[in-house]
Amino acid sequence: YESGIGRGMGFRDSNQDTLGFVHMVPEKVKQRIIDLASTQFEEGDAHHQYSPLTKKGRERGYSDDHLWLIYSVAEYIKETGDTGFLSEKIPYNNEKKGTLLEHLEKAVDYSVKNTGPHGLPLSGFADWNDCLNLRGPNNKGESVLVAQMLVLAAKEMSALLKFVKEPNKAARYDEIAEKMSKRINEVAWDGAWYVRAYDDNSNVVGSKKNKEGRIFLESQGWAVMSGVAPEERAIKTLDSVEEHLATEHGVILQQPAYSDYHKSLGDVSSYPPGLKENAGIFCHPNPWVMIAECIAGRGDRALWYYKAILPPSKDPDVRRVEPYIYCQMVAGRDHPDFGEGKNSWLTGTSAWNFVAVSKYIIGIRPDYDGLVVDPCIPEKWEGFRAARKFRNAVYDISVDNPGHVSKGVSSVKVDGKFIEGNKL
């Protein structure tokens, strides 16, 4: 979408993109991960962007970038079984080298060490939401989203280390996940949803206490994806998303829209209401709520969200972008162009939507030691059939739903014989 070489490739963006095609071109994903890890700082954080020509990074200060590397590596190893990759020596941006596992360990350590007054990771210049700029002179802005990302990253590290027979190392990451989950539930639960952040003066962002920007999408989806939210809170927070943020054109990023500029929040309040990060329908995080709904077992709502931003399912006279492309953002209900797409191509939506529909709605996803089949489908579906190439085999999978439920595998047969559980 961007012309020229000024912008480069995003560290967080490229890690997330691999999630959508690791099953097709794992060797290219491996090389992409090496390129990305090679721009990481030895301290654990990462350049925000890098040039694909020089492999040199630029920009620093985003609090989420480095954690995405853990997810891309985990999914690559789940897909391929290539645990030897963890021992491969890869340079940092200063040419010193460490194993890939050391790169991942440093990424977690960076977020653990850099926390603010509430014990949550510092937000830095921004987290995933580029325009939520909370770093001020006190450097005390904190991100609930990054805290939730840290929990899931620590859980991934634990699972990976247990798989490679490093239980002692894994125990540390279990402890990190448990402690941060507890902290989030103590300081970020707002009664019906999770707050989004704390600003540089420790004022809450994304709370019922706020006049505008009371609820944000990201920290709701990630509360469930990370397992931070206990079951009752998970249902309540997802119901709050449906009540306050869901529309026929997709899930709005935040509500109510900001009507004035707030210096303490940065660029998020500089856009017109209903556009971009100021209450636009940002397509990229919509799949996070689809995945969360699948985890909660609500297949009808998950598929409804999926279809709400699916390009071919939208009226082209309203969406007004190419009918085969996800756009970065759709104008929200606070804007006169409600439903119109903006910035086509410039988005990581397609990879995440593929993850949501294939790994959570259809529910076929690799794990370190097998292929999990765990669908979450609309209750009216009779079932479905799917083929999945996984490592050295092709799995021909038939799912029957005679009880018309959304989730819950009652029995599995492989080659005519019942097996325990739902992992092939």
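**Entry 1. Sheet**

I began with an open sheet of three strands, which runs in the order E13-E14-E15 with antiparallel pairing. I noted strand E13 (281–282) and strand E15 (341–344) as the edge strands, each of which pairs on one side only. The model I am reading is a predicted one.

I then looked up the contact of strand E14 (residues 327–330) with E15, and found an antiparallel pairing over three bridges. Which residue stands opposite serine 344 of E15? I found cysteine 327 in that place.

**Entry 2. Aromatic pairs**

I next turned to the rings. A pair of aromatic rings is described by the distance between the centres and the angle between the planes. My search returned 16 aromatic pairs in the structure.

I examined tryptophan 68 and tryptophan 288 and recorded 6.4 Å between the ring centres and 25° between the planes; the pair is therefore stacked, since planes under 30 degrees apart count as such. I placed tryptophan 68 in helix H3 (residues 65–80) and tryptophan 288 in helix H9 (residues 286–295), so this pair ties together parts that lie 220 residues apart in sequence.

Are these two residues buried or exposed? I read a relative accessibility of 2% for tryptophan 68, which counts as buried. Tryptophan 288 is also buried, with a relative accessible area of 0%.

I noted tryptophan 128 as buried, at a relative accessible area of 6%.

One aromatic cluster is formed by Trp68, Tyr71, Trp128, Trp222, Phe282, Trp288 and Trp352.

**Entry 3. Charges over rings**

I looked for charged groups placed over aromatic faces. I found the charged end of arginine 60 over the ring of phenylalanine 41, at 3.6 Å from its centre. I also found lysine 30 over the face of phenylalanine 85, where the distance to the ring centre is 5.0 Å.

**Entry 4. Cavity**

I then turned to empty space. Rolling a probe the size of a water molecule over the atoms shows where such space is left. How many cavities of 30 Å³ or more does the whole structure hold? My search found one.

I recorded about 50 Å³ of space in the largest cavity. I listed its lining as Pro311, Lys314, Pro316, Arg319, Val321, Glu322, Pro323, Ile325 and Cys327.

I took up the largest pocket and noted a volume of about 1,100 Å³. Among the 41 residues of its lining, I found Arg7, Asp13, Leu346, Thr347 and Gly348 closest to the centre.

I asked which elements supply at least two lining residues each, and found strand E1 (9–10), helix H1 (11–21) and helix H12 (349–361). H1 gives the most, with five residues. By class I recorded 17 nonpolar, 14 polar and 10 charged residues in the lining of this pocket.

**Entry 5. Backbone**

I ended with the backbone. Which peptide bond did I note as cis? It is the bond from glutamine 255 to proline 256, with omega near -15°. I located proline 256 in the loop between strand E12 (254–255) and E13.

I recorded a positive phi of about 65° at lysine 55, although this residue is not a glycine. Lysine 55 lies in the loop between strand E2 (49–50) and strand E3 (57–58). I read its relative accessibility as 35%, which counts as partly exposed.

I recorded a positive phi of about 60° at arginine 320, which is likewise not a glycine. I found arginine 320 in the loop between helix H11 (316–319) and E14. With a relative accessible area of 60%, arginine 320 is exposed.

Terms used
Residues numbered from 1 in each chain as written. Predicted model: local features only at pLDDT ≥ 70, side-chain atom pairs only at ≥ 80, totals over all residues. Heavy atoms only, no water. Phe/Tyr/Trp six-rings, centres within 6.5 Å; stacked < 30°, edge-to-face > 60°. Helix = DSSP H or I, 4+ residues; strand = E, 2+ residues; numbered from the N terminus. Buried < 20%, exposed > 50% of the residue type's maximum accessible area, 1.4 Å probe, protein only. Lys NZ or Arg CZ within 6 Å of the ring centre and 35° of its normal. 1 Å grid on protein atoms, 1.4 Å probe; cavity = no way out; pocket = protein on both sides within 12 Å on 5 of 7 lines; lining within 4 Å. Points joined across faces, edges and corners; volume = space filled by probe spheres on them. Nonpolar A, V, L, I, M, F, W, Y, C, P; charged D, E, K, R; others polar. Pairing = 2+ DSSP bridges.
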